[in-house]
Amino acid sequence: MDINAVDIFAKELVKEAGEIIKKSFSKVLNIETKSHANDLVTNMDKEIEEYFIHKLNSHFPDHRVLGEEGVGSNPKELSGVVWIIDPIDGTMNFIHQQRNFAISVGIYEDGVGMIGLIYDVVHDELYHVKKGQGAYINDKPLSPLPHVKVEEAVIGINSTWVTQNRRIDSSILSPLVRAVRGTRSYGSAALEMAYVAAGRLDSYMTLRLCPWDFAAGIILVEEVGGVCTTLKGEKLNLLGENSVFIANASFHDAVLKDFLHNGNW
Ligand code: 2AM
Ligand code: CA
Ligand code: CA
Ligand code: CA
């Protein structure tokens, strides 16, 4: 693909989609539940995903779309150009707060992340990256991630993972939460990954994400030298559910060894 042409087009689309979302604030939302009572979706989630697919079909008809709401072709493999889209990441925030949500678009060519866009619509902050060409927040280049000691780190983590839950024993992450300087939970995986890339968080970790939650974020974070794996230190799978652990290299190394027992849990 012509990476520059696709990048310009993708940025325009994301900004236009942001305008559509902002206009929807004054309208009544249609809210439904998906897998359970707190798993929400609105008419806007679907509309925005449809908007991307409609525009892509006319400009780049051979590009495919893997999106959360399942409107696109939802490929089972990543040959060619695939846009991995979350039309609204942080739907609960979108509904309850009208902020702290983002549009997330990762564009992959033969499985390699080439372009990443995370748009914080309300703050008009576009985090963007072209692989190997630097990462930015709007026009400002992002710096390589510094080394951060565990005791000086502020990490993004959902409180669920340190209470009793099905996915991880609470004795594993509780000591980490006590060891770090602070924890935050913003409710949008894409934004939390963008915050790591921008140095606003030192790490983000969670036990269950889908490809559209992290597809853009990992391109952005890796561009500034961050490390993106599962919580067991494994490579992330772009076609399935994953736990996710992203951080600057030194924090990632130290935490994987000293708190996550190199994945032996
Ligand atoms: P969403 O708003 O696009 O659904 C909230 O902590 C974060 O986890 C959000 O990025 C949210 O994305 C994601 N998320 C919410 N419910 C989820 C689910 N059932 N499976 C995987 N990710 C989910
Ligand atoms: Ca969702
Ligand atoms: Ca999401
Ligand atoms: Ca979503």
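Seven strands make up an open sheet of mixed pairing, ordered β3-β4-β5-β6-β7-β8-β9. Its edge strands are β3 (64–67) and β9 (140–141), each pairing on one side only. The model is predicted: local features need pLDDT of at least 70, side-chain atom pairs count only at pLDDT 80 or more, and totals for chains, interfaces and linings use all residues. Residues are numbered from 1 along each chain as its sequence is written, while chains are lettered from A and ligands numbered from 1 in the order in which they are written.

- Helices (H or I, at least four residues) and strands (E, at least two) are DSSP runs, numbered from the N terminus.
- Two strands pair if DSSP finds at least two bridges between them.
- β3 and β4 run parallel and are joined by four bridges.
- L66 has I84, in β4, as its bridge partner.
- Helix α2 (residues 43–59) packs on this sheet and touches β3, β4 and β5 (102–109). Contact here means C-beta atoms, placed from the backbone, within 7 Å.
- The direction of α2 makes about 155 degrees with that of β4. Axes are lines fitted to C-alpha atoms, for helices over the stretch in contact, and angles run from 0 to 180 degrees between N-to-C directions.
- Helix α6 (residues 211–223) also packs on the sheet, touching β3, β4, β5, β6 (112–120), β7 (125–130) and β8 (135–137). Its direction makes about 105 degrees with that of β6.

**The five-stranded sheet**

- Five strands form an open sheet with mixed pairing, in the order β11-β10-β12-β14-β13.
- β11 (182–184) and β13 (227–229) are the edges; each has a single partner strand, so one side of each is left without a neighbour in the sheet.
- From one strand to the next, the twist averages 15 degrees.
- β10 (residues 154–157) pairs with β11 in the parallel sense, over three bridges.
- V154 has G182, in β11, as its bridge partner.
- α5 lies across β10, β12 and β14 (242–247), and runs at about 155 degrees to β12.
- Helix α7 (residues 249–258) packs on the sheet through β12, β13 and β14, its direction making about 125 degrees with that of β14.

**Helix α5**

- α5 (residues 189–197) is mostly covered, with nine of its nine residues buried. Buried means that 20 or more other C-beta atoms lie within 10 Å of the residue's own, exposed that 12 or fewer do, and partly exposed in between; C-beta atoms are placed from the backbone.
- The buried residues of α5 include the charged-class E192, as well as L191, M193 and Y195.

**Domains and their contact**

- The domain assignment gives domain 1 (3–141) and domain 2 (150–263). Such bounds come from an automatic or database assignment.
- The domain centres, taken over C-alpha atoms, are separated by 22 Å.
- Domain 1 gives 30 residues to the contact and domain 2 gives 23 residues.
- On the domain 1 side, β3, β4, α3 (91–96), β5, β6, β7 and β8 each supply at least two residues. The largest share, five residues, comes from β6.
- By class, that side has 14 nonpolar, 10 polar and six charged residues. Ala, Val, Leu, Ile, Met, Phe, Trp, Tyr, Cys and Pro count as nonpolar, Asp, Glu, Lys and Arg as charged, and the others, Gly among them, as polar.

**Ligand 1**

- Ligand 1 has 15 residues around it, of which D89, G90, T91, G187 and A189 come nearest. A residue is near if its C-beta atom, placed from the backbone, lies within 6 Å.
- β4 (81–89) and β12 (203–209) are the elements that give two or more residues to this shell.
- The shell has three nonpolar, six polar and six charged residues.
- Both domains give residues to the shell, so ligand 1 lies between them.

**Single residues**

- I103 lies in strand β5. It counts as buried because it has 26 C-beta neighbours inside 10 Å.
- Not counting residues up to four places away in sequence, I103 touches V14, A17, G18, I48, P87, I88, Y119 and V121.
- N138 lies in the loop between β8 and β9. It is not a glycine, yet has a positive phi of about 50 degrees. With 10 C-beta neighbours inside 10 Å, N138 counts as exposed.
- N262 lies in the segment after α7. Its phi is positive, about 50 degrees, although it is not a glycine. N262 is exposed, with 10 other C-beta atoms within 10 Å.

Conventions:
Two residues are in contact if their C-beta atoms, placed from the backbone, lie within 7 Å.
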